[in-house]
Amino acid sequence: MNTKEVAEYLDINEKQVYALIKSGRIPATRVTGKWLFPKDLIDEWLLENARTGLSEARKRSRKMGGALLAAGSNDPMLDILQATLRKEHPEFYIFSASTGSRDGLLALNAGYTDIAWTHLWDPKNDSYNIPYLAQYMPDRKGVVVNLFHRELGFLTARGNPLGIQGFDDLTREGLRFINRQPGAGTRVLLDIHLDRIGADISLISGYKEEVCTHLEVGLAVLSGKSDVGIASVAIANFLGLDFVPITRERFDMVLDQDIFFEKAVQALMDVLHDPSFRQRVEGMSRYDFSDSGRILYSTT
């Protein structure tokens, strides 16, 4: 990438790019008088900066007795859960970063976070999250606790004017797709289905256009920038978009066994079991809280 392209990629001004070059804070090389930025090195630089930020945040959170750091997937219900925790237990805090399910588990394994939010589907046994612990959390003894089940599907403009029905439609000429970042649970599900049908991803316009949250997917469709993306039914309802169901998925939180017994986590568990909390949220956008707070797995 050239200077203009990397500025657009990072969503900053070109002057800021030159400032980063001058201070030696961004990977770049000069060829025939022009600055060039290898995309792979820029992505690694972004990831390393994110990891450093998580590590520093965790150090700071440890100075606050009731603070926990979380990373991983995202959902509007997490905001309600954390707000309810603060209301009922004002002494506790949860600081959460939307990194995607896989990177949430990797951050937990590296000791950067206390909690990982995740919904990684394993098609071999039609299960979620637990099969990935050995791969992404080999150094931790994890506890998997269910938060809720939700519906995931295609988001389209109101009325579904292009008649989107399934993954085959994504390769249709002229259709613009908005994707999630590698490692996101939604991206994992997409790639599994595309592989199953033998889809040529080079035919999917927008496959390389990536955003980091369900809300960003919905906003891309709502603005008309994209014709279709994959997100939860809650986002479709919030933004007034059409929703074509794909699957009902399990959304869990994963913790280290030592963290599970901390007071802040137990307070969170109390909120999940609170009948008033469940009554408040069960009717919202087809969430299912029947297993909420249930321990599904613990590493021996």
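Before you select anything, note two conventions. This is a predicted model, in which local features need pLDDT of at least 70 and side-chain atom pairs count only at pLDDT 80 or more, while totals for chains, interfaces and linings use all residues. Residues are numbered from 1 along each chain as its sequence is written, and side-chain values use heavy atoms, with hydrogens and water left out.

**Stop 1: the whole chain**

Display the protein chain as a cartoon; it has 12 helices and 13 strands. Helices (H or I, at least four residues) and strands (E, at least two) are DSSP runs, numbered from the N terminus. Along its principal axes the C-alpha trace spans about 60 × 50 × 35 Å. A compact globule of 300 residues would have a radius of gyration near 19 Å, and the 20 Å of the protein chain agrees with this. That radius is taken over C-alpha atoms, and the globule rule is 2.2 Å times the number of residues to the power 0.38.

Of the 300 residues, 50% are buried. Buried means under 20% relative accessible area, exposed over 50%, and partly exposed in between, with a 1.4 Å probe and protein chains only. Among contacts with a separation of 6 or more, 74% are between residues 24 or more positions apart; contact means heavy atoms within 4.5 Å.

**Stop 2: the second largest cavity**

Select M77, L78, L81, L147, F148, L272, F277 and F289, which line the second largest cavity. About 30 Å³ of space lies inside this cavity. Both α4 (76-88) and β8 (142-156) supply at least two residues of its lining, and the largest share, three residues, comes from α4.

Rolling a probe the size of a water molecule over the atoms shows where empty space is left. On a 1 Å grid over the protein atoms alone, a cavity is a set of points where a 1.4 Å probe fits but cannot get out; a pocket is an open set with protein on both sides within 12 Å along at least five of seven lines; and lining residues have an atom within 4 Å of a point. Grid points are joined across faces, edges and corners, and a volume is the space filled by probe spheres set on the points.

**Stop 3: strand β8 and its partners**

Now select β8, in which 15 of 15 residues are buried. Strand β8 pairs with β12 (residues 242-256) in the antiparallel sense over 14 bridges; two strands pair if DSSP finds at least two bridges between them. Highlight L152, whose bridge partner in β12 is T247. L152 also stands opposite S232 in β11, a strand (residues 228-232) that runs antiparallel to β8 and is joined to β8 by four bridges. Then move to V144, which stands opposite Y297 in β13. Three bridges join β8 to β13 (residues 295-298), and these strands run antiparallel.

**Stop 4: the second largest pocket**

Return to α4, which gives four residues, the largest share, to the lining of the second largest pocket. Of the 14 lining residues, N74, D75, P76, D79 and S98 lie nearest the centre of this pocket. Besides α4, the elements that give two or more residues are β4 (93-98) and α8 (214-222). The pocket holds about 200 Å³ of space, and its lining has five nonpolar, seven polar and two charged residues.

**Stop 5: the largest cavity**

Select F177, I178, N179, R180, T186, R187, L190, V217 and I230 to show the lining of the largest cavity, whose volume is about 40 Å³. The largest share of this lining, four residues, comes from β9.

**Stop 6: L120**

Finally, select L120 in the loop between β5 (115-118) and β6 (121-122). Is L120 buried or exposed? L120 counts as buried because its relative accessibility is 1%. Its contacts beyond four places in sequence include S101, L105, Y132 and G183.

Key:
Ala, Val, Leu, Ile, Met, Phe, Trp, Tyr, Cys and Pro count as nonpolar, Asp, Glu, Lys and Arg as charged, and the others, Gly among them, as polar.
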